[in-house]
Amino acid sequence: MEKSINITLKVWRQASPKVKGEFISYKMDNVSTDSSFLEMLDVLNERLVKERKEPIAFDHDCREGICGMCSLYINGHPHGKDGETTTCQLHMRRFNNGETITVEPWRSAAFPVIKDLMVDRGAYDKIIQAGGYVSVNTGGVPDGNAIPISKIDADEAMDAASCIGCGACAAACKNGSAMLFVAAKVSQLALLPQGRIEGAARAKAMVAKMDQLGFGNCTNTGACEAECPKAISISHIARLNREFLSAKFND
Amino acid sequence: MAKKQDTTTVDAPQIDAKIPAGPLAEKWSNYKAHQKLVNPANKRRLDIIVVGTGLAGASAAASLAELGFNVLNFCIQDSPRRAHSIAAQGGINAAKNYQNDGDSVYRLFYDTLKGGDYRAREANVHRLAEVSNSIIDQCVAQGVPFAREYGGLLDNRSFGGAQVSRTFYAKGQTGQQLLLGAYSALSRQVGKGAVKLYSRYEMLDVVVVDGRARGIIARNLVTGKVERFSAHAVVVGSGGYGNAFFLSTNAMTSNASAAIQMYKKGAYFANPAYAQIHPTCIPVHGEYQSKLTLMSESLRNDGRIWVPKKKEDAEAIRAGKKKATDLSEDERDYYLERRYPAFGNLVPRDVASRAAKERCDAGFGVGNTGLAVYLDFSSSIQRLGEETIRARYGNLFQMYDKIVDENPYKTPMMIYPAIHYTMGGVWVDYELQTSVKGLFCIGEANFSDHGANRLGASALMQGLADGYFVLPYTIQNYLADQIQAPRLSTDLPEFNEAEKAMHTKIEKIMKIQGDRTVDSIHRELGLVMWDFVGMGRTKEGLEHALERIKEIRKTFWTKVYVPGLSADLNVELEKALRVADFIEIGDLMARDALMREESCGGHFREEYQTPDGEALRNDEEYSFASCWKFNGDGEEPTLLKEPLVYEFVKRQQRNYKA
């Protein structure tokens, strides 16, 4: 049943990448508990616009948990503290009446703030461009059933491929490492015969790019797995390490 | 009320779609065998702008770059991987016949044509069915993890409007996986330098030089700067216009602006009235709501749709005095199974949506608004076990639970129709070229293959068909004549004027400083669209809608308030520019719906129905694609017709009963 709560938001406001940011508090009354977190921010933004103030800039698009565009550090957790949830799927019924909610952008050296809660995640695209693909051109490929693939491998590849590239893993990591993101792609393609051929070269190229872009090292804290909205397992990092080591041995 | 267009005269100007001659099954092969090509050395000298990175845009950009063209690719989100194709859930059709259940290229062609209520081109739809198999092969080669059987071969599921299982899928995330496949192919070309990627850019206008599209004006959404880009051809894959309804299953940035600007530069806009209302969405629940969430059509494989048989039960449920699970089998009306025994819960989307509306309008709806029906998995869970259902639809059930806060394994889901996809779009000929030379349109943004209604799992097929296997051929037939054309300077007067016009438009919006938020005007437009240009349309309703849209346009241009600066990151300004164009598309939709005095597919005019409430087509008078030509702001557009000639298939009233 629909209820409403009163909350206080502490939101990070930063006009542009180079200027100093600060927390600004906003009191919100009668927030419907059936609304999503982003709908609550829409209501606040419409109020700010009516008050002739600058609305809060934040990233979002599909609002059904699949595009990976939404972000936000909510009360110290990427996408809030609910498991397997993106910010757009987080609903206000998960908060208490009278609660103060702190909202920050992703904090990671490789994801600079653009404005307010919006960050630049272009580094993830660059990592994929370095090798996160199978090198085939359009056309001239064999029939889809020409190479049988075990259902177990296909399912595991699918689990890895569920990554939405939102950046929560790097944002959650105390070292700012992108290992889970890289591992998910390396693992997906290494599990399939089509991607197997370039497995080692891919791992090497993607890890080198990750290092170059200023992401930190992995120290196996497991924070990435805990905060990943798609529950991508850190066992993929082990597979990445195997691929990476075998590439190094062959050098 | 505007003067009524004369629509039925035979001498209305007609348009040629350049369909190749010859037998249906040989048209595409013949076209490819005789079209002009560009040799590799010349490809390097030609630049192509591709707007959009969804299934159509990303696959086109990647394929064109692989061939050797220089590609400039524009993306509204921060990464091409986030284009809204990613949200497609259920699957992609192909005529592989892996299940040995009688499928073939012809049957996929026929089902798609029939599903579109015989308002698509035969030749286009046949080509689509022909290339469908190559798409599956391509995606497998890219490492798309399609669902597989224990023997290692690809699995299929069924979708609406077909009696075979031809839908390939990757859990409930097929669109995501296909898009990531196209994105990986695109990323490979970006890494090689063959594609230059512009993310967080929005196309504002197309630049036409000497009658040919030679560039675009785009706004850098981070800096607010309006920039110019030139090329030898422009390809637009910017998606559909469903967000004219404010509440839709589209993403928040999905918009019609690129399409409207193309229309204003001379590209015809075809069949704007054909919009798809998807039957299985989570019902509307509050005023603050920003979007609607789709529950995949694949759920209709195992879910049964029903409402209470007795009105008293429906009333008791709405009042919270009874629950769905309190009703016994014989107190439930499985109305799709009752009305359509042959297809049952798997009737096409337009039929399922109208049937839900009919029951709710008659007072049998559930939920606290009465605008919902049940989608019930209890008999499937009994038959197959909860684990099997979880494996098939786990992510969808979880999504439902998060939004509605109810467990669909225990209690039936509630669903209601919502706007989801637009079959209409920018008119293109057989080569996917618009009525402006050198301007191409692909994917949902064009109008080509789905007629008046799209079957499930066909959008992904069409987007990828256009991008991987059609456009990379047909665009060469155009570019072969452009190899002598130089790279144009963006200092040409045509670029100056286009940029100046955009600056003027933006400054005009910024200066209004009224008292209405952009969202409040968009919401007002959406309600008009849903009430009068939605599932059931009438002459009076549409005339009223046109009046209301005129008022909303006036409200927008006199009362909107946009804060901040134009030359800065300004989300309110982005939204305002889009809403200005949604108002124009809303007008075109209502106008087209009023003109089309028949019911077909997603376009249902209440005046034209059979005694048992099915859509009543009028093939004598309306067997054409309606193409609207822009005549200037404030002027009535002109209607042109592309006659739909059926040479190979006999049209019938769609029948999903027997």
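Mentor: A residue is called buried here if 20 or more other C-beta atoms lie within 10 Å of its own C-beta, and exposed if 12 or fewer do. The model is a predicted one. The part I take is helix H3 of chain A, residues 151–161. Its buried residues are Ala154(A), Glu156(A), Ala157(A), Met158(A), Asp159(A), Ala160(A) and Ala161(A). As background, an α-helix has 3.6 residues a turn, so residues three or four places apart point the same way.

From chain A it includes H5 and helix H9 (235–249), and from chain B it includes helix H6 (174–192).

That brings in the interface, where 64 residues of chain A are in contact with 62 residues of chain B. H3(A) is one of the elements that supply at least two residues to the chain A side; the others are helix H1 (37–50), strand S6 (113–115), helix H2 (122–129), helix H5 (179–191) and helix H6 (193–196) of chain A. The largest share of that side comes from H1(A), with seven residues. Sorted by class, the chain A side holds 26 nonpolar, 21 polar and 17 charged residues.

Leaving aside residues up to four places away in sequence, Val182(A) touches Ile127(A), Met206(A), Val207(A), Met210(A) and Leu240(A).

Two backbone details are worth checking, one in each chain. Leu72(A) is not a glycine, yet its phi is positive, near 80°. It sits in the loop between H1 and strand S3 (73–74) of chain A, and it counts as buried because it has 27 C-beta neighbours inside 10 Å. Asn100(B), also not a glycine, has a positive phi of about 60°. Its loop runs between strand S3 (92–93) and helix H4 (105–115) of chain B. Asn100(B) counts as exposed because 7 C-beta neighbours lie inside 10 Å.

Chain B also has an open sheet of three strands, ordered S6-S7-S8, with antiparallel pairing. Strand S6 (201–209) and strand S8 (226–230) of chain B are at the edges with a single partner each, so one side of each has no neighbour in the sheet. From one strand to the next, the twist averages 25°. Strand S7 (212–220) of chain B is joined to S8(B) by five bridges, and Ile217(B) has Arg228(B) as its bridge partner in S8(B).

Last, the domains of chain B: domain 1 covers 278–419 and domain 2 covers 493–643. Their C-alpha centres lie 31 Å apart, and the contact takes six residues from each domain. On the domain 1 side, helix H10 (349–361) of chain B gives the most, with five residues. That side divides into one nonpolar, one polar and four charged residues.

Definitions and conventions: Residues numbered from 1 in each chain as written. Chains lettered and ligands numbered in written order. Predicted model: local features only at pLDDT ≥ 70, side-chain atom pairs only at ≥ 80, totals over all residues. Contact = placed C-beta atoms within 7 Å. Helix = DSSP H or I, 4+ residues; strand = E, 2+ residues; numbered from the N terminus. Nonpolar A, V, L, I, M, F, W, Y, C, P; charged D, E, K, R; others polar. Domains from an automatic or database assignment. Pairing = 2+ DSSP bridges. Axes fitted to C-alpha atoms, helices over the stretch in contact; angles between N-to-C directions.
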